[in-house]
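Please open the structure in a viewer and keep the selection tool at hand.

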Amino acid sequence: MIDQAIQQKADQWLNSAIDEESKEAIKALSETELADSFYKDLEFGTGGLRGVMGIGSNRMNKYTVGMATQGLANYLKKSFANEEVKVAIAHDSRNNSRFFAETTAAVFSANGIKVYLFEDLRPTPELSFAIRKLGCKSGVVLTASHNPKEYNGYKAYWDDGAQVIAPHDKNIIKEVQAISGVEQVKFEKDDSLIETIGRELDEAYIQEVLNLTLSPEVIQKQHTLKIVFSPIHGTGITLVPEVLKRKGFESVTVVEEQAIPNGDFPTVVYPNPEEREAMSLALQKAGQIHADLVMATDPDADRVGIAARNAKGEYEILNGNQAASLLIYYLLTKWKENGKLNGNQMIVKTIVTTDLLDKMAASFDVDCPNTLTGFKFIAALIKELEGKKEFIGGGEESYGYMISDFVRDKDAVASCAMLAEMCAWAKDQGMTVFQLLSKIYQEFGFFLEDLVSITKKGMKGAEEIQQMMAGFRSAPPQTLAGLKVVKLMDYQSSIAKDLESGKESAIDLPQSNVLQFVLEDGSKISARPSGTEPKIKFYISVNQPLKNEVEYDHVKEELLGKINQIKQELGL
């Protein structure tokens, strides 16, 4: 028997103004499918919508996208009552992304809002750029990032080109929740308010990316640097190869099998450049041509994974912390060489990203504020310090980086360009990417990170995660891997406690359910439950000195041993 509330919700849809085809699709659902499609409303969270595509209140479809857009339109009209409201819309390569983008454009225009709609798929960072360039109040990108192919999503941006944050995120959610049915959505588009954008904006964005170049003479010398690039069937293909070519790299090989945008992502299990499997074709190609650098972007081209040959001559994928370290080290070194550092600069990272970046920044006399996890917080800090601090670059461990501030979200296009430049610069000095990484470790310490993600299903799972965090708060471990826990940082109570002196100090960040244990050697363990799914993540960062390149593998083994010991002691 189907639950009465679920049946009522389905009947409400069947008796509403939805099209006949959708009504037939509801009638054709099995009991299990019906339950899953209607047991709740697809939640418009702080980042927007994300869900499986299909018919129903708990699915991504024309109507849930329409209701979200109507809510956002209502909020925009209230927020900018006496101003012209303009929005920009972009989409990735996923199935239905174009349809959802056109639906979004129709609803905005029906509400009297001027729309700039990209002519075809584009990287997410270009949407952020477009909002700023065209003077928009908001923007939407249709993407589910690196989720499985069944998913799609809807991300909302504000007038600074960053994803919405407080108070707008909660206020938009209230407006979306106030839309109780499809009858309240204006679907009748006004063509006179929809303007197609494309090449002109691409050109302006590409120019900004090319202007970031710090070593043009090195690129000239190393123009034959062998690069393999894969867009993993996504939007990266629209700009990355062109940017690399125009930057001066003449030997870029695109992975043909993954070059054509395709929402089924036929050559991978998940289109996620963090997964070795998603990069396997690119690595194969790299082996064939002896590439210096391998790069792969996710479907909406805001994150990038890289690989290079290690000391054994094997292609090794670098994690997000390592790529960020290489990128930031290169930026800081070149800014210093080019006489651009005057004590007024900053790099920005999140609290769960490697502290190697903090150490590096300090040695260059550059500030390194830390934010909560998520690029919207990095963007918010840049906005807050605009005119006071010059932003060089920043990033987070989950493969997202940003260079300069003309975009206010993670940007894999600009990152690919700068990573290629970093690789050329290393090669010009007779170093591989891994030799440069080893040099950084010798100077600042060998930092090694690992991420453990635990999923606990259902209501019981959510309770278990709460209990786990409560246990850590009331009885934190006194030692880990034979080292004293010297500091406890609780971002929920905003208190950092020195466990040796008992002294407490305030954490100047918004409250968040995150705990960090700092060990006496600077190692750090962060526990962070997900706000959107029944998951808890543990970020483990350990470090020790590296005397020379010869000891690299030996020290890495010791650090891996330390990580495993910490996992064991925490019961992970």
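Select Gln222 together with the residues it touches: setting aside neighbours up to four places away in sequence, Gln222 is in contact with Phe249, Ala424, Lys427 and Asp428. The model shown here is a predicted one. Gln222 itself sits in the loop that runs between helix H9 (216-221) and strand S7 (227-230). Display the side chains of Gln222 and Asp428, and a polar contact of 3.1 Å will be found between them. Is Gln222 buried or exposed? Its relative accessible area is 13%, and because buried means under 20%, Gln222 counts as buried.

Next, select strand S23 (residues 535-544), in which Gln544 lies. With a relative accessibility of 18%, Gln544 is likewise under the 20% limit and is therefore classed as buried. Which side chain forms a polar contact with that of Gln544? The partner is Glu558, at 2.6 Å.

The largest nonpolar core contains 112 residues. Within this core, the residues with the most contacts are Met295, Ile347, Met360, Leu436 and Ile566. Colour helix H15 (residues 412-428) as well: this helix supplies 13 residues, the largest share of the core.

Centre the view on Met360, one of the residues named above. Which residues does Met360 contact, once neighbours within four places in sequence are left aside? They are Ser325, Ile328, Tyr329, Leu332, Ile440 and Phe444. Another core, of 31 residues, lies apart from the largest one. To locate this other core, select some of its members, including Leu42, Phe44, Leu117 and Trp158.

How many of the lining residues are nonpolar, polar and charged? The lining of the second largest pocket comprises 10 nonpolar, seven polar and four charged residues.

Methods
Residues numbered from 1 in each chain as written. Predicted model: local features only at pLDDT ≥ 70, side-chain atom pairs only at ≥ 80, totals over all residues. Heavy atoms only, no water. Core = buried A, V, L, I, M, F, W, Y, C linked by side-chain atoms within 4.5 Å. Buried < 20%, exposed > 50% of the residue type's maximum accessible area, 1.4 Å probe, protein only. Helix = DSSP H or I, 4+ residues; strand = E, 2+ residues; numbered from the N terminus. Contact = heavy atoms within 4.5 Å. Nonpolar A, V, L, I, M, F, W, Y, C, P; charged D, E, K, R; others polar. Polar contact = N/O pair within 3.5 Å; in protein donor to acceptor, adjacent residues only side chain to side chain.
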